[in-house]
Amino acid sequence: IHLCIACRNAEKSEATRDLILATHPAAQVSTVEVDLGNLASVLRVARELRCRFQRLDFVYLNAGIMPNPHVNFKALWHGLRTGKLIHMLSTAEGIMTQTDRLNGDGLQEVFATNLFGHFILVRQLESLLCGKEKPSRLIWTSSSNARESAFSLSDYQHAKGRESYSSSKYATDLTSVVLNRKFNKQGLYSSVVCPGLVMSNMTYRILPVFLWKLLMPVMWLIRFFTKTYTLTPYNGAEAHVWLFKQKPEYLDALVKYHSCTSGLGKRFVEPRKIDVDEETAEKFYQKLLELEKQTIEKYSDLLD
């Protein structure tokens, strides 16, 4: 196995490489710098990867941002009164809002980073991915917060809403469904994963750190009632690792694989049907292709 770590922070990717080599000194690990929210960076790294490798077996599409997240405490109180609190806490439905903005490419930042940058990367790497002799895999990090109610075809970048993260993750689910329909026969398979609620630097930005420390005992208790409170990155990666071991032709293209943890800390994977309309998925894919065409025209100098 040759592992290539793609990261926008070169220091972090090098540090991760050193940690891996410290445990597995014979491993082949390289790094590449890319910002998925910057289309020029995506096109450059795609060109570099095409020079470095003849094929890619797995691509983990994991970059994600959630700018300026806010908790709606009024919605939380309403959930407590109506008995929907556990559902809201496990999916963040109705309680999380974000303030998005345009990036340097004129795209909504969350849409660009969480989905479109990955889409362009996949399209640029098709020559390394599509081969019937041996299948290649795309594994997208989605979320239980991916909800149809936050997504609109007429505003697929979510410029007018306040749930850009949820919209981008639902768009991820839609994209994966169509990619399977179009590329399975060419040896390319796509899956979506939900890591559960993981305490990461993204999560810690939602509330002050001291509040998280106060809430942690409660969160460990909630784990007995909802399986998606994985809490640690190690637990959250369970579905990613599990999918690595599966034969893609036996997987359901309309299923999302959730990393779960029992109240006693046992890790397992739970498949759940993706709530997507396939006609909407196809229409959205066509919009991505139109946006891709504009991107290619704009950055034609970065293509081979």
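A cavity is a set of points, on a 1 Å grid over the protein atoms alone, where a 1.4 Å probe fits but cannot get out, and its lining residues have an atom within 4 Å of a point. This is a predicted model, in which local features need pLDDT of at least 70 and side-chain atom pairs count only at pLDDT 80 or more, while totals for chains, interfaces and linings use all residues. Residues are numbered from 1 along each chain as its sequence is written, and side-chain values use heavy atoms, with hydrogens and water left out.

**Cavity**
- The structure holds 1 cavity of 30 Å³ or more, a volume being the space filled by probe spheres set on the grid points, which are joined across faces, edges and corners.
- The largest cavity contains about 30 Å³ of space, and among the residues that line it are Asp-100, Tyr-156 and His-158.
- Helix 5 (109-124) and helix 7 (164-183) each supply at least two lining residues, with helices taken as DSSP runs (H or I, at least four residues) numbered from the N terminus.
- The largest share of this lining, 3 residues, comes from helix 7.

**Cysteines**
- With a disulfide taken as a pair of cysteine sulfur atoms within 2.5 Å, the count comes to 0.
- Cys-7 is too far from a partner for a bond, because its closest cysteine sulfur, in Cys-4, is 11 Å away.
- Cys-51 is likewise in no disulfide, the nearest cysteine sulfur, that of Cys-4, being 13 Å away.

**Surface**
- Phe-244 lies in helix 11 (residues 238-244).

Methods. On a 1 Å grid over the protein atoms alone, a cavity is a set of points where a 1.4 Å probe fits but cannot get out, and a pocket is an open set with protein on both sides within 12 Å along at least five of seven lines; lining residues have an atom within 4 Å of a point.
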